[in-house]
Amino acid sequence: MREMQSPSDSGLNALLGPGSVVDGKLSFKGQVRIEGTFTGEITTTDLLIVGETAKVSANINCGSVVVNGEVLGNIKASDSIELKRPARVKGDLAAPALSIEKGVIFEGQSMMLNGGMNLVSLNRREGGPKARGRAKDQDHRGPDSD
C-alpha cells in the first residue's frame, strides 16, 4: 500500500522509477516524482519532485518544484522552488518563493517573480512605495545619498 511511503508522497499520481529513461515532453496534473533519467521539457501547474537518484535535463515550468537530485536546465515555478540537499542544479531559477538548503550545489541566476502580489523591485534605485518615501525624506534632510 502507498500509505507506507513518506508524507511527501501521499498525493503522488505518477513515479518514474530509478531505472526509467524518458526522452520527450511531460505534462501532468497532480504530483509526479522522477527518480530516473528524463530529458526534454516538463510542464504542469502542479507539483514536480525530482528525487535524489534523478538526472533531469529539461526546462521545467511548474506550479511547485522540489529538487533533491540533479537538474540541468531552467526552472520556472508559479508558486515555489525548493532545492534540498543533495540537489545539484545548473540553470536559472524563477519563482515568487525560493528555498535553498545548505549543501546544495546551484550554478545559475535566480529571479523572484510577481506571484500575484507586488514584490519589491530588484532595481537598486527603486523599491516599494515605503522605500521611495524614505529616500525622499532623506534627500530633504541632507545630501548623504550617492
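Predicted model: local features only at pLDDT ≥ 70, side-chain atom pairs only at ≥ 80, totals over all residues.
Residues are numbered from 1 along each chain as its sequence is written, and side-chain values use heavy atoms, with hydrogens and water left out.

**Overall composition**

The protein chain holds 1 helix and 13 strands, where helices (H or I, at least four residues) and strands (E, at least two) are DSSP runs numbered from the N terminus. Read from the N terminus, the order of elements is β-β-β-β-β-β-β-β-β-β-β-β-β-α. Of the 146 residues in the protein chain, 32% are buried; buried means under 20% relative accessible area, exposed means over 50%, and partly exposed lies in between, with a 1.4 Å probe and protein chains only. The accessible surface of the protein chain is about 9700 Å², and carbon and sulfur atoms account for 50% of that surface; such areas come from the Shrake-Rupley method with a 1.4 Å probe, and for residues only the protein chains shown count as cover. Among contacts (heavy atoms within 4.5 Å) between residues at least 6 apart in sequence, 3% join residues at least 24 apart.

**Pairing around strand β6**

Strands count as paired if DSSP finds at least two bridges between them. Strand β6 (residues 55-67) pairs in the parallel sense with strand β4 (residues 37-43) over 7 bridges, and within this pairing Ile42 has Ile60 of β6 as its bridge partner. Strand β5 (residues 47-50) also runs parallel to β6, to which 4 bridges join it, with Leu48 partnered by Val65 in β6. Strand β7 (residues 70-72) is joined to β6 by 3 bridges, again in the parallel sense, and Ser57 stands opposite Leu72 of β7. Strand β8 (residues 75-83) runs parallel to β6 as well, with 7 bridges between them, and the bridge partner of Val66 in β8 is Glu82.

**The setting of Val32**

Val32 belongs to strand β3 (residues 31-34) and is buried, with a relative accessible area of 4%. When neighbours within four places in sequence are left aside, Val32 is in contact with Leu12, Ala14, Leu47, Leu48 and Ile49. Val50 lies 18 residues from Val32 in sequence, and their C-alpha atoms are 8.6 Å apart in space.

**Salt bridges**

Side chains of opposite charge can pair when their charged atoms come close. A salt bridge here is a side-chain nitrogen of Lys or Arg within 4 Å of a carboxyl oxygen of Asp or Glu, and by this rule the count comes to 3 salt bridges.

| Pair | N to O distance |
|---|---|
| Glu35 and Arg33 | 2.7 Å |
| Arg88 and Glu70 | 3.5 Å |
| Glu82 and Lys84 | 3.5 Å |

In the pair of Glu35 and Arg33, by contrast, both residues are buried.
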